[in-house]
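Q: I have a sequence and a structure to study, and I would like to learn how to read them. Could we go through the features in turn?

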Amino acid sequence: MSTALPEWFYPGPPGGWTADLLDHLPPDAPRHVELIDGALVLRPPQTAFHMLTLRLLERSLRLRSTSRPYAR
């Protein structure tokens with residue numbers, strides 16, 4: 001399943017996108033847009049499953065950590 005991108009997305013301004021241009025995207029622009037080397041990169045929003053996986057990984061790493069960086 002693919003969604004067509006709006007006209008303003010193609011091919012981009014001469015010289016690539018800049019941070020200033022990113023700040024002035026149209027209101028209907030996707031919310032999850034990143035600027036990498038002058039190109040707009042669309043990434044999907046994180047899902048609840050993704051966030052749960054990150055939390056479980058972090059918890060597991062903390063439980064197995066042998067170092068105590070905050071101990072004096």
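Q: Among contacts in the protein chain between residues at least 6 apart in sequence, what percentage join residues at least 24 apart?

A: A contact here means heavy atoms within 4.5 Å. Among contacts in the protein chain between residues at least 6 apart in sequence, 11% join residues at least 24 apart. Please keep in mind that this is a predicted model, in which local features need pLDDT of at least 70 and side-chain atom pairs count only at pLDDT 80 or more, whereas totals for chains, interfaces and linings use all residues. Residues are numbered from 1 along each chain as its sequence is written, and side-chain values use heavy atoms, with hydrogens and water left out.

Q: What is the mean pLDDT of the protein chain, and where is confidence lowest and highest?

A: The pLDDT is the predictor's confidence in each residue, on a scale from 0 to 100. For the protein chain the mean is 80, and 82% of the residues reach 70 or more. Confidence is lowest in β2, with a mean of 83, and highest in α2, at 90.

Q: How many helices and strands does the protein chain have, and in what order do the elements run?

A: Helices (H or I, at least four residues) and strands (E, at least two) are DSSP runs, numbered from the N terminus. The protein chain has two helices and two strands, and from the N terminus on the elements follow the order α-β-β-α.

Q: How do strands β1 and β2 run, and how many bridges join them?

A: Two strands pair if DSSP finds at least two bridges between them. Here strand β1 (residues 33-36) and strand β2 (residues 39-42) run antiparallel, joined by four bridges. Glu-34 stands opposite Val-41 in β2, while Ile-36 has Ala-39 in β2 as its bridge partner.

Q: Where does Asp-37 lie, and is Asp-37 buried or exposed?

A: Buried means under 20% relative accessible area, exposed means over 50%, and partly exposed lies in between (1.4 Å probe, protein chains only). Asp-37 lies in the loop between β1 and β2, and with a relative accessible area of 82% this residue is exposed. The hairpin of β1 and β2 has two residues between the strands, and Asp-37 has a positive phi of about 50 degrees although it is not a glycine.

Q: How many salt bridges does the structure hold, and which residues form them?

A: A salt bridge is a side-chain nitrogen of Lys or Arg within 4 Å of a carboxyl oxygen of Asp or Glu. The structure holds two of them. In one, the side chains of Glu-34 and Arg-43 meet at 2.5 Å, N to O; Glu-34 is partly exposed at 32% relative accessible area, and Arg-43 is likewise partly exposed, at 37%. In the other, the closest N and O atoms of Glu-58 and Arg-62 are 3.0 Å apart. Both of these residues lie in helix α2 (residues 48-64), four residues apart, which is about one turn of the helix. Glu-58 counts as partly exposed at 40% relative accessibility, whereas Arg-62 is exposed at 59%.

Q: Why does α2 lie largely in the open, and what span should its 17 residues have?

A: Of the 17 residues of α2, the number buried is zero, so the helix lies largely in the open. The expected span of a helix is 1.5 Å times one less than its number of residues. For α2 this should give 24 Å, and the end C-alpha atoms are 24 Å apart, which agrees.

Q: What percentage of the protein chain's residues count as buried?

A: Of the 72 residues of the protein chain, 10% count as buried.
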